[in-house]
Amino acid sequence: MEVRGKNGKGKHLFDWSPEKNQIEIIIKDMFYQIQFNGNIPGGGYKILKEIPKNQLPAMK
């Protein structure tokens with residue numbers, strides 16, 4: 001699911017997979033895939049992938 005600003009009509013912010021509780025986001029030319037862990041007291045997360053943006057086409 002794409003998450004966008006301005007009530008869904010603005011800039012693409014990140015992709016979210018609610019089934020897996022993961023997001024994919026690009027910040028400062030780095031791609032991150034993050035898993036949220038609600039079972040950990042106080043919440044938590046784990047970075048599953050951290051790849052330079054310019055290497056993304058090579059992954060597909």
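E2 stands opposite D15, a residue of strand 2. That pair belongs to the contact between strand 1 and strand 2 (residues 12–17), which pair in the antiparallel sense over three bridges. Two strands are said to pair if DSSP finds at least two bridges between them. Helices (H or I, at least four residues) and strands (E, at least two) are DSSP runs, numbered from the N terminus.

Before I continue, a word on the source. This is a predicted model, in which local features need pLDDT of at least 70 and side-chain atom pairs count only at pLDDT 80 or more, while totals for chains, interfaces and linings use all residues. Residues are numbered from 1 along each chain as its sequence is written, and side-chain values use heavy atoms, with hydrogens and water left out.

Let me place that first pair in the whole fold. The chain contains two helices and five strands, and along the sequence they follow the pattern β-α-β-β-β-β-α. The five strands make an open sheet in the order 1-2-3-4-5, with antiparallel pairing. Strand 1 (2–4) and strand 5 stand at the edges with a single partner strand each, so one side of each has no neighbour in the sheet. From one strand to the next the twist averages 25°; axes here are lines fitted to C-alpha atoms, for helices over the stretch in contact, and angles run from 0 to 180 degrees between N-to-C directions.

The next pairing joins strand 3 (residues 22–27) to strand 4 by six bridges, and the two run antiparallel. Within it, E24 stands opposite Q33 of strand 4. This hairpin has two residues between the strands, and K28 takes a positive phi near 50°. D29 lies in the loop between strand 3 and strand 4, and its phi is near 65°, a positive value in a residue other than glycine. Is D29 buried or exposed? With a relative accessible area of 55%, D29 is exposed. The cut-offs are as follows: buried means under 20% relative accessible area, exposed over 50%, and partly exposed in between (1.4 Å probe, protein chains only).

A further positive phi occurs elsewhere. K6 is found in helix 1 (residues 5–8), where its phi is near 55°, although the residue is not glycine. K6 counts as exposed, at 74% relative accessibility.

Seven bridges join strand 4 to strand 5 (residues 45–52), which also run antiparallel. In strand 5, K46 is the bridge partner of Q35.

Strand 4 itself deserves attention. Five of the seven residues of strand 4 (residues 30–36) are buried, which leaves the strand mostly covered. Y32 is placed in strand 4 and counts as buried, at 18% relative accessibility. Which residues does Y32 contact, leaving aside its neighbours within four places in sequence? The partners of Y32 are I23, E24, I25, I27, I47, K49 and E50, where contact means heavy atoms within 4.5 Å.

I47 is placed in strand 5 and is partly exposed, with a relative accessible area of 39%. Together with F36 and Y45, I47 forms a nonpolar patch on the surface, with about 310 Å² of accessible area for the three. Patches are made of residues with over 30% relative accessible area and no salt bridge; like charges are joined within 9 Å, and nonpolar side chains (Val, Leu, Ile, Met, Phe, Trp, Tyr) within 5 Å. A salt bridge is a side-chain nitrogen of Lys or Arg within 4 Å of a carboxyl oxygen of Asp or Glu.

I end with the totals. Of the 60 residues of the chain, 22% count as buried. The chain exposes about 5,000 Å², and carbon and sulfur atoms supply 54% of it. Accessible areas come from the Shrake-Rupley method with a 1.4 Å probe; for residues, only the protein chains shown count as cover. Among contacts between residues at least 6 apart in sequence, 6% join residues at least 24 apart.
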